[in-house]
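Hello,

Here is the structure I promised to send over.

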Amino acid sequence: MLNWLWRRWVGRPVVDLVIAGAVVGLHMATVRITGAGDVLGWPDREQRIAVYTTTATVVAIIGSFITAAVTLYAAATGPRMRVLRTHPRQGPEFRRNWMSILSATLVISALCLLAVVLDTTGRDPGGVHWLVEGAAALGVARAVRLVWLFGKVIIGNDLDLGDTRDPASPPPPPPPVPVRQPGA
């Protein structure tokens, strides 16, 4: 059941947009009803601009890690990764997930930089900070997807590496058992 649910809905990148929209919508409704909890609305403009630019910078740095993860995926040549890449349904789905994560970093950084331009007053009456909150929520959702995909690539590569060992050779020795040193 969970596998079907993942393949049918959670494995699709559009779900991240729905999750981000729901989180921001619920937070906005809570702020409107209670009048409290608008964390990005409280600070003055200089502090909000610092948050916007820091968020854009962090997302850009994460984008470089994503590029490294995609490179690892592209360089994987084992039989499991070959089957995954050429599978008629899972191959395109896997690539779509990678591309959605990579493109999201560009969108999130652009939204944060756009907020720097649009947030021109001391109190942000237009609600530009909600744009940044939505971008951050999307970033968190895509980060979870990145960790999941990267884990799958690592597991596939490790299993493929284990398959390349010569069956006639003796198995590798087990790792040493850690010994606790007195006074450590």
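This is a predicted model: local features need pLDDT of at least 70, side-chain atom pairs count only at pLDDT 80 or more; totals for chains, interfaces and linings use all residues.

Residues are numbered from 1 along each chain as its sequence is written, and side-chain values use heavy atoms, without hydrogens and water.

The axes of helix α3 (residues 45–75) and helix α4 (residues 79–86) cross at roughly 100° and come within 9 Å. The two helices are therefore roughly perpendicular (65 to 115 degrees). On the α3 side, Y73, A74 and A75 meet M81, L84 and R85 of α4 (contact means heavy atoms within 4.5 Å). These contact residues divide into 5 nonpolar, no polar and 1 charged (Ala, Val, Leu, Ile, Met, Phe, Trp, Tyr, Cys and Pro are nonpolar, Asp, Glu, Lys and Arg charged, the others, Gly among them, polar).

The second largest pocket is lined by 16 residues, with V59, I62, I108, G139 and V140 nearest its centre. Helices α3, α5 (90–118) and α6 (128–163) each give two or more residues to that lining. By class, the lining has 11 nonpolar, 4 polar and 1 charged residues.

Finally, S109 is found in helix α5. At 12% relative accessibility, S109 counts as buried (under 20% relative accessible area, 1.4 Å probe, protein chains only). Setting aside neighbours within four places in sequence, S109 is in contact with A56, V59 and A60.

Best wishes

Technical notes: Axes are lines fitted to C-alpha atoms, for helices over the stretch in contact, and angles run from 0 to 180 degrees between N-to-C directions. Helices (H or I, at least four residues) and strands (E, at least two) are DSSP runs, numbered from the N terminus. Angles under 35 degrees count as roughly parallel, over 145 as roughly antiparallel, 65 to 115 as roughly perpendicular and the rest as oblique. On a 1 Å grid over the protein atoms alone, a cavity is a set of points where a 1.4 Å probe fits but cannot get out, and a pocket is an open set with protein on both sides within 12 Å along at least five of seven lines; lining residues have an atom within 4 Å of a point. Buried means under 20% relative accessible area, exposed over 50%, partly exposed in between (1.4 Å probe, protein chains only).
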